[in-house]
Each structure stands twice: as structure tokens, then as C-alpha cells.
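Trainee: Before we discuss any details, could you put the model on the screen so that we can go through it together?

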Amino acid sequence: MVSVGSRGTGPVVRPPRGSGRLSRRGRRGAFGGARTRRLFVGSLMAAFGGVSAVLQFVGQLWPAAIPGPAPVTAASVLLCLAWAVVRSRPTVVVHQEFVRPRMTVTVGPGDLFDESAHLVVGFSDTFDTDVRDGVVISGTSVQGQLLERRYDGDVRRLDDELDAALGAAVPAARETRADKPYGKLDRYPVGTVAVLGSRPRLVFGVAHSRLGNDCVARSSTEELWLSLGRVWDAVYRHGQLDRVAVPLIGSGLSRLHGLDEESLLRLILLSFITHSRERIICRELRVVLRPAELERVDLTEVAAFLGVLAAADSGAAG
């Protein structure tokens with residue numbers, strides 16, 4: 001099956017309905033990374049400033065209300081430290097519910113191939129699968145892990161499924177072996193989606209980058225946005241509203257240097273939510289982050305971003 005068609009266009013925080021819910025788990029310590037340490041120091045300084053201002057204000061109006069300096073100092077230090085620790089505990093999971101349409105978006109760490117869901121996996125426009133020596137495809141990439149984890153390293157079986165899924169697609173070009181010494185020769189339009197496997201765990205393989213004849217994959221923000229839209233089209237047609245898990249597409253070797261991890265994440269979320277406003281794509285989307293990606297993404301900001309989008313949907317529904 002193939003989709004190539006175009007489109008028109010401290011504790012757990014429990015905010016009110018319409019804003020992101022943040023869950024914190026003990027996978028990392030309270031000072032698990034540089035971002036966390038910066039947040040701790042900033043929160044500590046802000047707390048000291050606030051406590052000092054309150055003490056000065058109260059001391060001027062009601063001097064007798066302030067006890068001796070020793071207990072005040074000790075209490076202030078403990079209060080500020082406690083506030084900084086609570087504020088700097090790393091957010092590990094963001095969970096957001098939407099009302100129009102009724103769906104859930106989750107962002108957090110995990111293993112994509114352990115997810116009980118349909119999977120989205122990025123490919124290049126040649127749908128290459130050769131991981132030998134890492135020349136064409138890296139064995140550590142999501143695509144390389146797809147071959148190892150879902151196809152037991154059987155390249156022929158994966159290629160047979162890709163050929164069947166792409167049977168209705170027309171290649172945009174064909175390379176010669178002299179120009180492209182390694183890998184496949186047929187090139188498909190960016191945004192082509194090959195639907196692999198069977199329910200309840202389909203794989204939506206999307207060509208979101210162009211693999212040069214030098215075996216270097218390159219993409220752009222526009223091509224990624226187009227590819228995401230085509231993925232949501234395919235999920236709508238084949239996914240039967242079941243849960244979908246997607247990695248941080250574009251963060252690997254596709255040379256999408258214009259966006260950092262957090263910007264890529266927001267682009268994926270915005271694309272999904274925008275297309276879901278036209279028609280419901282699935283009941284739950286889970287964006288699965290690798291540990292290195294998680295360290296470079298501020299999930300508190302992501303929760304706020306999703307909260308704004310959910311609040312806008314609630315307002316429109318009302």
C-alpha cells in the first residue's frame with residue numbers, strides 16, 4: 001500500500017483542563033543534566049530575591065514580627081533550597097488531552113519498537129535498507145533498528161514488503177549504477193509513504209529526505225512538513241484510529257540543520273494537531289524521545305506549547 005497523494009491545504013503538576021499535564025519520574029536525578037542545574041541555580045537565586053524582598057518589607061512595617069537573624073536565615077535558606085529542588089526536578093513525560101477532536105498527545109522517553117502502536121519510520125527517497133558497514137544506512141538509526149528489531153535483520157523480507165507497498169507509486173527518477181555506486185536506484189517523491197506490516201502494528205515508512213549519490217541524506221523544513229502531512233493522510237486511511245508512535249524525525253542523519261531537537265518536536269506536534277483539526281487521525285499520538293534527545297528538549301516548554309494549542313481548541317469548540 002502506498003500514499004503519495006497531495007493535500008489541500010515539585011510534585012506532579014496538575015493544571016486545569018486545557019493545559020499540559022507534566023509527570024516526573026525517577027529515571028534521572030534532581031540534577032540530571034546541564035539544563036536541570038541551570039534551572040536549579042536560577043530558581044534558587046529567584047527564591048532568595050523573593051524572600052529577601054518580603055523580609056525587608058515586613059521588617060520595615062512590623063519590626064517586631066521578625067525574630068532573630070539566625071532562625072530567619074536558616075528558615076530562608078531551607079525554604080529557598082526546597083523551592084529550587086521542586087522547580088528543577090526534570091520533567092520526563094508530557095501528557096495533553098484535546099477536546100476537538102478528542103485525542104491525546106504524549107511526549108516522553110522510551111523505546112520506539114517496544115511501543116504497542118503503529119510506528120512511523122523515516123526513510124530516504126530511495127527507500128534504501130542496506131546497513132552493511134553503515135555506508136548507505138546506519139545500523140544505529142531508527143531505520144536500521146527497524147530492520148533489526150522488526151525484520152530480524154532480514155533485508156530481503158523488508159525489501160519485498162517495500163516493493164509491494166510501493167507498487168502503485170511511480171518513481172520520480174532512476175539513477176545509474178555509475179552515478180550511485182551503492183544501494184537502490186529508483187527515487188520516489190519526498191512524502192511517499194509505504195505502509196508495511198499488518199495490524200495492529202503497521203509501519204508507516206515515509207521518504208522525508210533525499211539520499212545523495214554520496215550516501216548523505218539531506219532534507220529541509222518544507223520537505224519534512226510535507227512528509228508529515230502525507231504520513232497523517234496514510235494513518236487516517238489505514239490506522240483505524242489506533243495509537244501511533246513516532247520518533248523525532250529529522251534529528252538523525254538527514255542533515256536538517258536548521259532546526260534543533262525542540263524545534264523539530266514542535267514541528268511534528270503542530271503538524272499532527274493542524275491535520276487533526278480537519279479530521280481525526282488517531283486517538284493517541286506518542287512522540288518517543290531517545291535519552292540524548294530528551295536532554296536537549298525542555299519538556300516544560302513543550303507542555304506549555306501543547307497547552308496553548310489545547311486551550312485554543314477548547315475555546316473554538318465552546
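Predicted model: local features only at pLDDT ≥ 70, side-chain atom pairs only at ≥ 80, totals over all residues.

Mentor: Residues are numbered from 1 along each chain as its sequence is written, and side-chain values use heavy atoms, with hydrogens and water left out.

Trainee: How many helices and strands does the secondary structure of the protein come to?

Mentor: Helices (H or I, at least four residues) and strands (E, at least two) are taken as DSSP runs and numbered from the N terminus. Counted in this way, the protein comes to 8 helices and 12 strands.

Trainee: What percentage of the residues of the protein count as buried?

Mentor: The accessible surface, computed by the Shrake-Rupley method with a 1.4 Å probe and with only the protein chains shown counting as cover for residues, comes to about 15400 Å², of which 57% belongs to carbon and sulfur atoms. A residue is called buried under 20% relative accessible area, exposed over 50% and partly exposed in between, with a 1.4 Å probe and protein chains only. Of the 318 residues, the share that counts as buried is 46%.

Trainee: Which residue stands opposite Val-288 in strand 12?

Mentor: Two strands pair if DSSP finds at least two bridges between them, and strand 4 (residues 102-109) is joined to strand 12 by 6 bridges, with the two running parallel. Within this pairing, Pro-109 stands opposite Leu-289. The residue opposite Val-288 is Gly-108.

Trainee: What is the bridge partner of Val-244 in strand 12?

Mentor: Strand 11, residues 244-246, pairs with strand 12 in the parallel sense over 3 bridges. In that pairing the partner of Val-244 is Leu-285.

Trainee: How many residues lie between strand 3 and strand 4 in their hairpin?

Mentor: Strand 3 (residues 93-99) runs antiparallel to strand 4 and is joined to it by 6 bridges, with Phe-98 opposite Met-103. Strand 4 has 7 of its 8 residues buried, so it is largely enclosed by the rest of the structure. In the hairpin, the number of residues between strand 3 and strand 4 is 2.

Trainee: What distance does helix 5 reach from its first C-alpha to its last?

Mentor: The expected span of a helix is 1.5 Å times one less than its number of residues, and for helix 5, which has 18 residues (221-238), this expectation is 26 Å. Just after the helix, Gln-240 takes a positive phi of about 55 degrees. The reach of helix 5 in the model is close to the expected value, at 26 Å.

Trainee: How many of the residues of helix 6 are buried?

Mentor: Helix 6 spans residues 261-276 and reaches 23 Å, close to the 22 Å expected. Its buried residues include Leu-264, Ile-268 and Phe-272. Helix 6 is largely enclosed by the rest of the structure, because the buried residues number 12 of the 16.

Trainee: What is the angle between the planes of Trp-232 and Phe-272?

Mentor: Rings of Phe, Tyr and Trp (its six-membered ring) pair if their centres lie within 6.5 Å, and planes under 30 degrees apart count as stacked, over 60 as edge-to-face and the rest as tilted. By this rule there are 3 aromatic pairs. Trp-232 and Phe-272 form one that is edge-to-face, 5.2 Å centre to centre, with an angle between the planes of 70 degrees.

Trainee: How many residues apart are Trp-232 and Phe-272?

Mentor: Trp-232 is buried at a relative accessible area of 2%, and Phe-272 is buried at 1%. The pair links distant parts of the chain, with Trp-232 in helix 5 and Phe-272 in helix 6, and the number of residues apart is 40.
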